[in-house]
Amino acid sequence: MKSAHQKIQAITGIMVILLVALFGRVAWIKAVHGDEYEQAAQQQQVMQTDTKIPALRGTIVDSKGEVLGLSERVYNVILDCKAIRGSGTALYNSTIQKIAEILEIDESVIEQYLTDEYANTRYQRFDEGMGISYSKQQMLQQAIENDDIAGIWFEEDEKRSYVNGSLMAHVLGFNGSYGIEQVYNEELTGIDGRQMVVANNAGSFVEEYTPAHDGDTITLTLDATLQYYLEKDLQEGVEKYNAISGCAIAMDPQTGAILGLANVPTFDLNNALSAIGVTPKFTQTYGTPESNEEYYQYIWKNYAVNDTYEPGSTFKPIFASAALQEAVLNENTTFYCGGTIEYYDARIQCAYQEVHNVEVLRDIIRNSCNIGMTQISSLLGTQGWIPYQRAFGIGQKTGVDLTGEVSASSLVYGEDMGPVELATTAFGQGFNVTPMQLITAFSAVINGGELLTPYVVDHITDSYGNIVMSGGKQVSRYPISKEVSDTMRSYLKDVVESGTGSKAQVEGYTIGGKTGTAQKIGNDGRYKEDSYVCSFIGFTPVDDPEVILLVILDEADNGTSNQPSEIAADIFADILPYLNIYPDQNQTGETP
């Protein structure tokens, strides 16, 4: 029987044999598979991030190059919590102190990110360090290089801002929505870059960086200074007359370039929930953000292209131009207005049943006579008018490069219109247009007979300065001749000098134009009492128009066409000298 000592020796021998075999196996594995296993072990200790670097969205500038909307490069601070905690007491404290000092936050905020929950995190977004400016990023970077901060790095990001707040809000849009931001989203959007960081437990890291390719620059036809005057005068008018809303468009009638476009109420592009120019009448109609979930949709809507209205008497020159072009009358054809007329199954009257007696076309336009226009409609006839309705673009989209343009085609009479519908069309009631349709069609009346496509973008350049798209004049049709256009301009000059548009006069300038007052239709399909859309459309100089201006007020208190006419006069007085259009010394601007 073996002794206990012998047993111990036997067990020890076996253990030695096993250990030798084990070490031999380890040596063999290391020799044969060492590199492979070492790499696998290292990979388990590596942290890798692959981050998109957003391309800067393209800049939007006005016609003179003034910046309106731009994107800035900002930076997000990323914490390597494990590296910070393992940096040693002095550097740990210095890191917290420096970050707090530069970002102007409390040290306790940073310490919360270094608790046990995040202790071993190698990639932690720091909420208080998101979207910091380049200057602060450089201050942090300098502290890193001075060994005052450990365990942070940066990711690039983008911040969109609008330099002038609410200026051109409905034209520009915001955050890729509405307006230019939406229509030209593809051009404004650049190509994103890439930042990949690989870090190990030793605290070192490798970075792979591909820069972003920024979006294109868009140059508008609109002028920031002119737009300022347009918005200022319109807002003052809307508030003065307590209208629900107002709209104003200024355009070059020779090219279709939009010079300014304003809506009231409006909003701050940097805070789209900040409404501007809200009147008591607007609140009475649409409520508040708390009472109406669609409240901001009415604030953001671009009335110039997204909504329709009955144009009223501003449409009379368009219809009359068609009658002149068809030669169903001439300048000397006489008509009679007795204040009212029984026409088929309808009773048509002039405003306030005013009696104009014997008139020619010039008088009808100057007096804004519904009875005269009714008689003209009977001469032209439905089949005579329908081709001109199409030629002037009524019920069709203008093609302007803004979002959400409606056509109003369902609100325009077709081939089956009867004589009464034709008569009401002649004086601008019973159908709808958008403000952009109206100013475009009216431009054809005064510019020599060219129906143009309105546009707001002059050209686009890429990040290298190459022009990749150019806007410009586009003629879609020629509804009337130059001779008819010349005649109508002279009639429209009379309207401002001695007719219904006298409130639009500006000292020293020759201005032509037309007023409009259209009764609104209620939800029951009937015209509402004392509820009107009042407007004025005017142009100058009369002989060679450089600017056409449309001003619309929706349901102003005691609404009359004098109200938008006065606003138009204020706008003209502000913008014409700015556009280097100066008074004619032979003009006094006084009403004869």
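The model is predicted. The chain comprises 592 residues, of which 51% count as buried. Its secondary structure consists of 20 helices and 23 strands.

- Among contacts in the chain with a separation of 6 or more, 72% are made by residues 24 or more positions apart.
- The chain has an accessible surface of about 27,100 Å², and carbon and sulfur atoms contribute 48% of that area.

**Nonpolar surface patch**

- Tyr 336, Val 355 and Val 358 together make a nonpolar surface patch of about 300 Å².
- Tyr 336, one of these residues, lies in strand β13, which spans residues 335-337.
- Tyr 336 counts as partly exposed because its relative accessibility is 47%, a value that falls between the limits of 20% for buried and 50% for exposed.

**Aromatic pairs**

- The number of aromatic pairs in the model comes to 18.
- Tyr 343 and Tyr 344 form an edge-to-face pair, with 4.9 Å from centre to centre and an angle of 80° between the planes.
- The pair counts as edge-to-face because the planes are 80° apart, and the class requires an angle over 60 degrees.
- Within this pair, Tyr 343 is buried, at 11% relative accessibility, whereas Tyr 344 is exposed, at 61%.

**Aromatic cluster**

- Phe 174, Tyr 178, Phe 267, Phe 282, Tyr 286, Tyr 295, Tyr 296, Tyr 298 and Trp 300 are linked into a cluster by ring pairs.

Key:
Residues numbered from 1 in each chain as written. Predicted model: local features only at pLDDT ≥ 70, side-chain atom pairs only at ≥ 80, totals over all residues. Heavy atoms only, no water. Helix = DSSP H or I, 4+ residues; strand = E, 2+ residues; numbered from the N terminus. Buried < 20%, exposed > 50% of the residue type's maximum accessible area, 1.4 Å probe, protein only. Contact = heavy atoms within 4.5 Å. Areas by Shrake-Rupley, 256 points an atom, 1.4 Å probe, with all protein chains shown as cover. Patch = residues over 30% accessible without salt bridge, like charges linked within 9 Å, V, L, I, M, F, W, Y side chains within 5 Å. Salt bridge = Lys/Arg side-chain N within 4 Å of Asp/Glu carboxyl O. Phe/Tyr/Trp six-rings, centres within 6.5 Å; stacked < 30°, edge-to-face > 60°.
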